[in-house]
Amino acid sequence: MENLKLGMLDGFLTKSQHKTLKSLFRRSSTKSTEEDDSPSSSSAANSPKPIPQLSPFANSVVSRCSKILRIPTEELQHHFDTQLPESVKELLTYARNFLEFCSYQALHVVSSRPDYLSDKDFRHMTFDMMLAWESPCVENIELHKETASSSNQQVEDEDGWSLFYSSSTNMAVQVDDKKTVGPEAFARIAPGCAAVADIITVHNLYDALTSTSGHHRLHFLVYDKYIRSLDKVIKASKSTLASSIGNLQLVEGEIILDVDGTVPTQPVLKHIGRSMWPGRLSLTNSALYFESLGVGLYDKAVRYDLATDMKQVIKPELTGPLGTRLFDKAIMYKSMSVEEPVHLEFPEFKGNSRRDYWLDICLEILRAHRFIQKNNLKAIQKSEVLARAILGIWRYRAVREAFHFFSSHYKTLLAFNLAECLPGGDSILKTLSSRLVILNSSASQHDVSPHSKRQAKLSPISLIALTQLGFILQKEVNLDGEVIIVGEVCAGEINPLQMAVKQSLLDTGRAEAAQATVDQVKVDGIDTNVAIMKELLFPVIELANCAQRLASWEKPYKSTIFLVLTCFFVVRGWFSYVLPSVFVLVAVVMLWCRHFNKGKPLKPFRITPPHNNAVEQLLTLQEAITQVEALLRAGNIILLKIRALLFAVLPQASDKIVILLVFMAAMFAFVPPRYIILLVFLEAFTREMPYRKESSDKWVRRIREWWIRIPAAPVQLIKPEDNKKKKS
């Protein structure tokens with residue numbers, strides 16, 4: 001399939017390599033048309049023939065695609081019919097697949113212009129493609145009538161020419177502002193331009209754009225605002241890169257993705273220990289740079305590496321003045337290259353959206369590099385992964401700045417963060433890795449021989465998109481001339497990445513539903529949580545109480561029966577079957593509940609929490625802390641006494657312990673384990689038996705007195721010396 005696309009795309013691009021896009025779509029104020037060197041392009045410009053299987057609106061989109069490709073519509077259809085497999089040309093999906101075929105080829109050509117995102121006609125054209133995708137068949141006549149009635153005006157830019165709309169044809173209609181597109185149309189068309197959408201996060205991008213408007217479908221005005229914001233973000237990154245190369249001392253191929261702390265009212269504060277410095281923070285595709293604010297100027301930037309494997313840890317953290325933990329507005333960076341963890345605080349009056357945004361984009365770069373290191377990616381594969389992460393961060397930044405939108409973990413617009421948090425996200429990364437292996441290596445060699453064109457290899461579309469936008473990530477990659485582009489979206493086919501993401505999203509729905517129930521049952525207060533735990537552990541507590549009553553011999557008849565049965569089980573060797581029997585019993589109970597309670601909601605626990613005020617809760621907390629402290633103290637004393645016995649601080653006690661250990665070793669060596677278990681059980685269970693109680697109490701008292709006489713090993717507490725030098 002991809003072999004056929006390579007040869008066909010090469011033919012398209014060869015015919016148009018000496019023509020500029022502006023000369024292709026220059027408007028004419030009269031009905032006469034300019035002459036062209038190519039007969040096929042003249043035919044496409046003057047009399048585009050409609051495809052009978054397509055709706056009028058879809059025909060208008062196809063005719064515009066033919067103008068871009070300088071190929072007549074009938075020739076496009078001929079290529080589609082002869083060079084694509086039969087599975088794509090089925091009757092029910094023929095129109096939609098042919099529309100995808102034309103749209104993808106046109107988008108590859110249009111996106112070669114470095115400023116195509118600034119062209120409003122590009123935004124109209126891509127949205128038209130989505131509208132046509134939803135109504136591609138000839139039966140959709142009503143859509144054409146509604147759209148044509150609102151498409152009487154021509155769209156021109158400042159230069160007086162339109163890239164996609166021409167007065168030479170009545171079929172070229174503009175987008176209807178009243179029309180909206182659904183998620184499937186957006187997911188099929190938008191990834192055709194790598195800068196606009198990523199095939200991994202395209203559904204999350206659609207949800208982000210539609211959630212900002214309150215509708216479940218995407219309106220053109222929202223889509224237009226997103227593209228304009230994306231163009232603004234990319235241009236801002238380009239200008240920042242040009243002005244910061246000297247200050248940050250960037251290495252070759254390093255691109256600035258975002259900068260924060262330039263506004264005096266919103267600085268970035270760096271905390272190390274008890275020291276704090278305001279400054280400016282920059283993120284590139286390789287590292288974080290922090291420039292401390294000096295007297296009117298910024299000091300030399302400190303680099304915190306994200307590309308090299310140095311056990312980096314980036315996570316949210318609490319910060320405050322003098323090392324206190326008060327405000328949840330910081331991220332912590334820790335690695336082998338820094339002696340102490342570095343905390344970067346993003347102060348703001350309300351919320352922590354600044355911190356969360358920077359945490360997301362820093363983790364995206366870090367996880368992209370870990371993905372590269374794990375799969376040992378080199379050269380063009382490495383650059384493709386970084387380009388995907390860079391474009392994802394710019395899309396995230398564009399949506400955030402245009403709509404003040406912040407995504408959750410499952411709805412993030414960053415591909416590697418999404419794969420990290422999604423259930424089954426490792427399958428997404430595995431699929432991505434397998435596709436990176438077959439990247440079109442000929443793009444780096446500028447090899448356009450017939451043999452290379454027949455190779456079924458993918459192109460680094462993210463790297464190509466980044467280069468076409470004016471950013472050089474890998475200098476040795478030559479993307480000029482006749483580069484054969486095979487993108488991640490193909491007409492009539494589902495990308496393996498899409499299938500992996502779709503499966504993960506199905507699992508995500510279950511995970512989100514389960515997490516919602518978890519959030520509902522979270523309660524505050526120690527006493528309330530203790531009450532809930534007691535109610536949940538009621539069967540276990542009752543079982544323990546029952547065993548305690550049997551061991552206390554309050555009812556000798558029941559205790560005797562239990563003792564005899566247990567000894568019989570141990571002697572006959574049936575004790576090993578107890579645990580498997582318990583598992584089988586629990587499984588039977590679960591199957592019974594599944595069969596008889598099918599479809600019935602689970603009855604909630606009815607718990608009456610104690611009504612304690614704030615002071616009583618504080619007293620309860622203090623009492624609990626005191627008890628925990630007492631347990632820790634008792635545990636330390638036991639360990640120190642054992643240490644004294646091991647080092648023979650009290651020789652008489654140590655001699656007794658030595659004799660006891662030798663006796664126990666002989667027992668474990670020569671006595672079968674079942675009899676040892678039987679002896680331990682008889683000693684523990686009959687301790688409160690009326691015939692043994694007096695002697696048992698006497699032995700327990702002697703052992704306690706012997707333990708009290710054992711001294712604890714000494715402990716010396718050394719006051720730490722504060723040798724940390726405070727940075728001025």
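A residue counts as buried when its relative accessible area is under 20%, as exposed when that area is over 50%, and as partly exposed in between (1.4 Å probe, protein chains only). With a relative accessible area of 9%, Q105 therefore falls in the buried group. The model is a predicted one, in which local features need pLDDT of at least 70 and side-chain atom pairs count only at pLDDT 80 or more, while totals for chains, interfaces and linings use all residues. Residues are numbered from 1 along each chain as its sequence is written, and side-chain values use heavy atoms, with hydrogens and water left out.

Taken as a whole, the chain has 728 residues, and 42% of them count as buried. Its secondary structure comes to 27 helices and 10 strands; these are DSSP runs numbered from the N terminus, with helices being H or I of at least four residues and strands E of at least two. Among contacts (heavy atoms within 4.5 Å) with a separation of 6 or more, 70% join residues 24 or more positions apart.

Back to Q105: this residue sits in helix α6, which covers residues 94–110. Its C-alpha is 8.9 Å from that of I68, a residue 37 positions away in sequence. As for cysteines, a disulfide is a pair of cysteine sulfur atoms within 2.5 Å, and the structure holds zero of them. C102, for one, is in no disulfide, and the nearest cysteine sulfur, that of C65, lies 5.7 Å away. C102 is buried, because its relative accessibility is 0%. C546, at 33%, is partly exposed.

A379, in helix α13 (residues 379–403), has a phi near 50°, a positive value in a residue other than glycine. A648 is not a glycine either, yet its phi is positive, at about 55°; this residue lies in the loop between α24 (614–646) and α25. A379 is partly exposed at 48% relative accessible area, and A648 is partly exposed at 40%.

Then there is the largest pocket, with a volume of about 720 Å³. Of the 20 residues lining this pocket, L660, M664, E683, W699 and I703 are the closest to its centre. The elements giving two or more residues to the lining are α25 (651–670), α26 (673–685) and α27 (693–708). On a 1 Å grid over the protein atoms alone, a pocket is an open set of points where a 1.4 Å probe fits, with protein on both sides within 12 Å along at least five of seven lines, and lining residues have an atom within 4 Å of a point.

Terms used. Points joined across faces, edges and corners; volume = space filled by probe spheres on them.
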